[in-house]
Amino acid sequence: MTTDNSKLVEATRGLRGITFPRVSLYGFLVLSVVSWAYIIFGVDSGLGDLFTGRSWSNAGHFFSQLLGLEGGLTGGGRPAFFDLGRWGETGKLAYKTLMMSVLAIGLAGFGVLVTFLPAARNVSNGELGGSPSLALGVLYHVLRLFFAFTRAVPELIWAMVIVFFLSPGILPGAIALGLHNYGIVGKLSAEVVENMDPGPARALRSAGAGNIQMLAYGIIPQAMPHFLTYLLYRWEVVIRTTVVVGFVSAGGLGQEFRLNLSFFQYTDVFLIILWYLILVLAVDLLSAFLRRMVLVR
Amino acid sequence: MSQYQNSSNRATHDINHSRFLVDGRGLSKVFGTLTAVSPLDIAIKAGERVALVGPSGSGKSTILYILAGLIPPDSGDLFLDSKSTVGLQPGRELSESVGLIRQQLDLVPQLPVVQNVLAGRLGKWGLLRSLVSLFSARERDSVLATLSKLGIADKIDEPTSQLSGGEQQRVAIARLMLQAPKIILADEPVSSLDPARADEILRLLTGLADDIGGVMVASLHAPDLIREHFTRVIGLREGVLQFDIPSEELMPSVLEALYDLDQQPIPIS
Amino acid sequence: MTWTNSPFRSLDARRLLSLVLIGAFVWSLSSVDWRGGIVHTGGGDALKDFPLALFPPELSPGFLKLGLIASWQTVVHAVAGITLAIIIGLPLGIIASGSLGKPGRVRMLVAAVMRFILAFMRSIHELIWAVLFVAAFGLSSLAAVLAIAIPYAGILGRIYSELLNDVSEGPLDGLRSAGASPAGVLIYGRMPMVLTDLLSYGFYRFECAIRAAAIMSFVGIRGLGFEIQLSLHDLKFAEVWTLLLFLFGLVLLVDYWSTSVRRSLNS
């Protein structure tokens, strides 16, 4: 019983006394009180509307229109999700959306594959072979900064910027998604190399391997399963975001979602949400299956 | 201290050193404030099998890593196979003379066995050949022949991570066989093995050294294994040479004294 | 031999998978419409001007002040969103963990239903929730906060339920033998044991919430995303860079904070 109690004490240890987590927790509480005050008393809080009842009846109308229970129907007065033709049309868009997510992961994966090695500290400083040089040191910091920056900017903002250059379609959206995920997977993959057991690489070196041979035989085979697993995990996230990026990059379900919403075709909106959920579920299952195939020991 | 040690200290080095496959003079290494190896002379002739003994922290591993070229010594000269190793990085040139096998084996777990064995060839292969081989293994026949000698030919295409500890040990030895260095270094090759397996592994390693006509240097602790498989024993404590004797002269009392924490004098005749 | 245990299969499978993934990528390239040219009219100039505008970004005091205000607005929505997510996610997570109530079928059923609800909440992206809420309730800060809170509560709820289930049973048995009810075991046993992990994970999600708040601009909520949109429309790329750097700095700051908190909690 004493050891059991000590476990309890142990678990809350970090929150006793004036510790950094404790100060942070109080700081965060203050920040959240201020934030809520700012939102509630702000000009556009919408809190007042919550109590008028009018906005609740609006919301009621909206959701029953979404489900085709009242008004706003296209065609023969049937909800879109009972119309096989509409399923087919939106199905094509769902396919495009899926392709956009695959393209995005492919672009991110390709980018990471060519840059993650010099972004690992133990590669750039020659711990795993090769000789450290100023150029490699600079490259390491530049890549790490680039990872952090591409990661910090959300996909949607990348998309807003990119549609300024590229023709609308699935490509700008895929590049936007690819950039953000490049930063995430790049950082993770570089860290895999940094945490790698140096033994095998050293053994290869003493068996006579040069730098590139050592990368090919020692480091890449060890990093590859992790890299593929990260890509598949990110694919699950990307498919959720693809629709959103489609809002601005005009590809796939996202664009249709916006159009239908602005034309008040709410049952079509609901149909698209259904497709979206199907995609999310399908990708989650597929990714889980594929991840089992690469299973990191 | 033994007179044997004194003889290896002085007399041998003024003669033509090419008789020695390993010839180190005044090798030393300091890590921070810790002296891993005090200036040490070590000369080993072809055909000799040398056991390094000593408590942990005595500098055995450091000496092996210096001989393997993985750690540059702070001072001293090292000739391997009559070639100076000053400024040599581990890699192509060194790999012809010297190969190291560690207790951890250091195989790449994700690669199939055949690739881990072929890694022993990397020093002789060009870049293109080694990259192509990753996708379609070159010299598969010689790998198969080597693995059959070790009794694990059927494992050639399995992922190395799926093999048992003993099988992985054979894969590491197979790699060393393909590398075929004149000087075989083994860092604790048989610790954590049962006696029968330890005996077999040492038989394989010494057999390999004999085939090539080279030397073997290994760190280990078991006196009976040392007497059976080695010709010479070097005792170390805190980086300082304690004795250097023929293995048949290794008495249990000598080892006990060497491992004794109170640092009793060592009863060498 | 089974599929997962067979070594031959697992190696072949990995190689096959790599080929399938590369194939899928090449296939996806074919669904890009290359005919119209990938850069649109005028896009080429923008493509050149945009990177150059970083040197230097817009650094006038007035604009920096605007950037600070926008950052503050983004932080406010993120903080409100994540706190609401914790408030919603914690009870849902407790229910989904099945550690409340009498053991039995009912409890398992309720937990399963709750896990499904949590999965649904996090399946829908925060911006889609935002679009729906704005369509339903009209544009307001609360709609944005709610839109962040719902999917994040789905994520937090799932993680919290897993954390609560993974605690070691020893101390709990001690409490049970002392006569504690399931609620007592939860409050005096499970919760204290996972408290630091709960906080730690909440802090981790805070960084993601910053990004979520920034894109709420899309439905008209003010903040960094909103200002980026405005500057882009005015083709003021130097201003866009300044705002992107503000966002970068903000994410780095929160990331640093949350990493330090988690490190000192877990050490």
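User: In this predicted model, how are helix α5 and helix α11 of chain A set against each other: roughly parallel, roughly perpendicular or oblique?
Analyst: Helix α5 (residues 84-115) of chain A packs with helix α11 (residues 211-249) of chain A at an angle of about 130°, and their axes are 9 Å apart. Roughly perpendicular stops at 115 degrees and roughly antiparallel needs over 145. That angle therefore makes α5(A) and α11(A) oblique.

User: Where on chain A does the largest share of the side that touches chain C come from?
Analyst: This contact takes 63 residues from chain A and 65 residues from chain C. On the chain A side, 10 residues come from one helix, residues 20-40. By class, that side has 41 nonpolar, 15 polar and seven charged residues. The element giving the largest share is helix α2 of chain A.

User: Which element of chain B gives the most to the side that touches chain A?
Analyst: Here the contact takes 29 residues from chain B and 21 residues from chain A. On the chain B side, the elements giving two or more residues are α3 (92-97), β6 (98-102), α5 (127-135) and α7 (165-179). The one that gives the most, with four residues, is α5(B).

User: And how many residues on that side of chain B are charged?
Analyst: The side of chain B that touches chain A includes 13 nonpolar and 11 polar residues. The charged ones number five.

User: What percentage of chain B counts as buried?
Analyst: Chain B has 10 helices and 10 strands. Among its contacts with a separation of 6 or more, 68% join residues 24 or more positions apart. Of its 269 residues, the share that counts as buried is 47%.

User: Is Asn165(C) buried, exposed or partly exposed, and why?
Analyst: Asn165(C) lies in helix α6 (residues 141-165) of chain C. Ile94(C) is 71 residues away from Asn165(C) in sequence, yet their C-alpha atoms are 9.4 Å apart. Buried takes 20 or more neighbours and exposed 12 or fewer. Because Asn165(C) has 15 C-beta neighbours inside 10 Å, it counts as partly exposed.

Technical notes. Residues are numbered from 1 along each chain as its sequence is written. Chains are lettered from A and ligands numbered from 1 in the order in which they are written. This is a predicted model: local features need pLDDT of at least 70, side-chain atom pairs count only at pLDDT 80 or more; totals for chains, interfaces and linings use all residues. Axes are lines fitted to C-alpha atoms, for helices over the stretch in contact, and angles run from 0 to 180 degrees between N-to-C directions. Angles under 35 degrees count as roughly parallel, over 145 as roughly antiparallel, 65 to 115 as roughly perpendicular and the rest as oblique. Two residues are in contact if their C-beta atoms, placed from the backbone, lie within 7 Å. Ala, Val, Leu, Ile, Met, Phe, Trp, Tyr, Cys and Pro count as nonpolar, Asp, Glu, Lys and Arg as charged, and the others, Gly among them, as polar.
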